[in-house]
Amino acid sequence: MPPASAPGRPTGTATVVRTLATGIDVPWGLARLPDGTVLVSARDSFRIYRLDVAAARLDRVGTVPGVVSNVAQQGEAGLLGIAVSPAFTRDHLVYTYYSTADDNRIAAIPWDSSAPAGRQLGTPRVLVTGIPHNVHHDGGRLAFGPDGYLYATTGEAQQPALAQDTGSLGGKILRMTTAGRPAPGNPFGTLVWSYGHRNVQGIAWDAAGRLWASEFGDHSEDELNLIRPGRNYGWPQTEGRTSRAGVTGPVAEWGPPEDSPSGIAIARGSVWMAALRGQRLWRIPLDGAGTAATPQDFLVGRYGRLRSVLTVGPDTLLVTTSNRDGRQSPGVGDDRILLVRVT
């Protein structure tokens, strides 16, 4: 049994403290460096930035080569997730998930802080290729778990049958070593950790080490899932809560108009989930493996589409907008990174 963690309060608050950065071309991934600054991946410009939260300063550190975006088709490919090596102070490696013309890939990129501004990224070393790719459903979230292994979320590339095929990398959550090989203990002896996913967009671990994931539904229900190794999460046979044998249903669900979830983070015992179509920030208080109370929504319609969330303090989040992603007309200053205080 996992260790206990304090449940989230039934109700809370979310307040935007300030805007930290503006004018970014779809900020997609967020990852903290050991010094507290944050790396930001920009989906359609293929750039990686470094954000000094305290100074509200954004600097470009480099561009990832070989990335292909399909924003002109209102697509979802490009430079997506980013993660920082747990041993960064020794190996100076940054990990990225990105799209090419034919597939999605995961690569490790050396970081040289002494190099001139804008040229601090070295040559990527590709670890995983052949992740299914399409205009939509490319997955892309990347994060190191508390076990030290790298997790990646993939979409089924608009081919629903791939989600149920444990021999495919599409429609999965993957778990791997820093060399891109299957991590010890993976349920199928491959990179696959869980399957039956349509398009997982956010992952985060709670204080007890449980893995939570947000997932795009189709026309019925979006999901917040508690992920366990080897489990089948149902797509395309099921969507939302289900009693189907052999399928693990979600802990919480929403209709796509109020959600269309993207990134998630955990703070104050709650999952904080960005909503794209829903244009809001959801607070889902947790109590062990379930919810403690009805989810609350904040910032509804104030900043447009919200894409990514990162915990940067006990009660502080970064939240990015996604108004330049081809789905609507951006406003002045889009896209931006917001500093949000939560309870």
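Biologist: What percentage of the residues in the protein chain is buried?
Modeller: This is a predicted model, and in it buried residues make up 60% of the 343 residues.

Biologist: How many helices and strands are there in the protein chain?
Modeller: The protein chain has one helix and 25 strands.

Biologist: What radius of gyration does the protein chain have, and what would a compact globule have?
Modeller: The protein chain has 18 Å. A compact globule with 343 residues would have a value near 20 Å, so the two agree. Along the principal axes, the C-alpha atoms fill a box of roughly 55 × 40 × 40 Å.

Biologist: And what share of the contacts comes from residues 24 or more positions apart?
Modeller: Such residues account for 54% of the contacts with a separation of 6 or more.

Biologist: What about the accessible surface?
Modeller: The accessible surface of the protein chain is about 12,900 Å², and carbon and sulfur atoms hold 47% of that area.

Biologist: Which residues are linked with Asp325 in a network of salt bridges?
Modeller: Arg305 and Arg307 are linked with Asp325 in that network. Between aspartate 325 and arginine 305, the closest N and O atoms are 3.0 Å apart. This pair links distant parts of the chain, 20 residues apart. Aspartate 325 is in the loop between strand S24 (316-321) and strand S25 (337-342), whereas arginine 305 is in the loop between strand S22 (296-298) and strand S23 (306-313).

Biologist: And how far apart are the closest N and O atoms of aspartate 325 and arginine 307?
Modeller: In that salt bridge they are 3.1 Å apart. Here too the pair links distant parts of the chain, with arginine 307 in strand S23, 18 residues from aspartate 325.

Biologist: Are these residues buried or exposed?
Modeller: Both aspartate 325 and arginine 305 are buried. Aspartate 325 counts as buried because its relative accessibility is 0%. Arginine 307 has 5% relative accessibility, so arginine 307 counts as buried as well.

Biologist: Which residue does arginine 336 meet in a salt bridge?
Modeller: Arginine 336 meets aspartate 334, with a distance of 3.6 Å from N to O. Both arginine 336 and aspartate 334 are buried.

Biologist: A new topic, then. Where does threonine 177 lie?
Modeller: Threonine 177 is found in the loop between strand S12 (172-176) and strand S13 (192-195). Its relative accessible area is 19%, and buried means under 20%, so threonine 177 is buried.

Biologist: Which residues is threonine 177 in contact with, leaving aside neighbours within four places in sequence?
Modeller: Those residues are Tyr149, Pro182, Ala183 and Pro184.

Biologist: Lastly, where is arginine 244?
Modeller: Arginine 244 is in the loop between strand S16 (222-227) and strand S17 (252-254).

Biologist: Why does arginine 244 count as partly exposed?
Modeller: Arginine 244 counts as partly exposed because its relative accessibility is 46%, and that class runs between 20% and 50%. Leaving aside neighbours within four places in sequence, arginine 244 is in contact with Gln237 and Thr238. From C-alpha to C-alpha, arginine 244 and glycine 234 are 8.5 Å apart in space, and they are ten residues apart in sequence.

Methods:
Residues numbered from 1 in each chain as written. Predicted model: local features only at pLDDT ≥ 70, side-chain atom pairs only at ≥ 80, totals over all residues. Heavy atoms only, no water. Helix = DSSP H or I, 4+ residues; strand = E, 2+ residues; numbered from the N terminus. Rg over C-alpha atoms; globule rule 2.2 N^0.38 Å. Buried < 20%, exposed > 50% of the residue type's maximum accessible area, 1.4 Å probe, protein only. Contact = heavy atoms within 4.5 Å. Areas by Shrake-Rupley, 256 points an atom, 1.4 Å probe, with all protein chains shown as cover. Salt bridge = Lys/Arg side-chain N within 4 Å of Asp/Glu carboxyl O.
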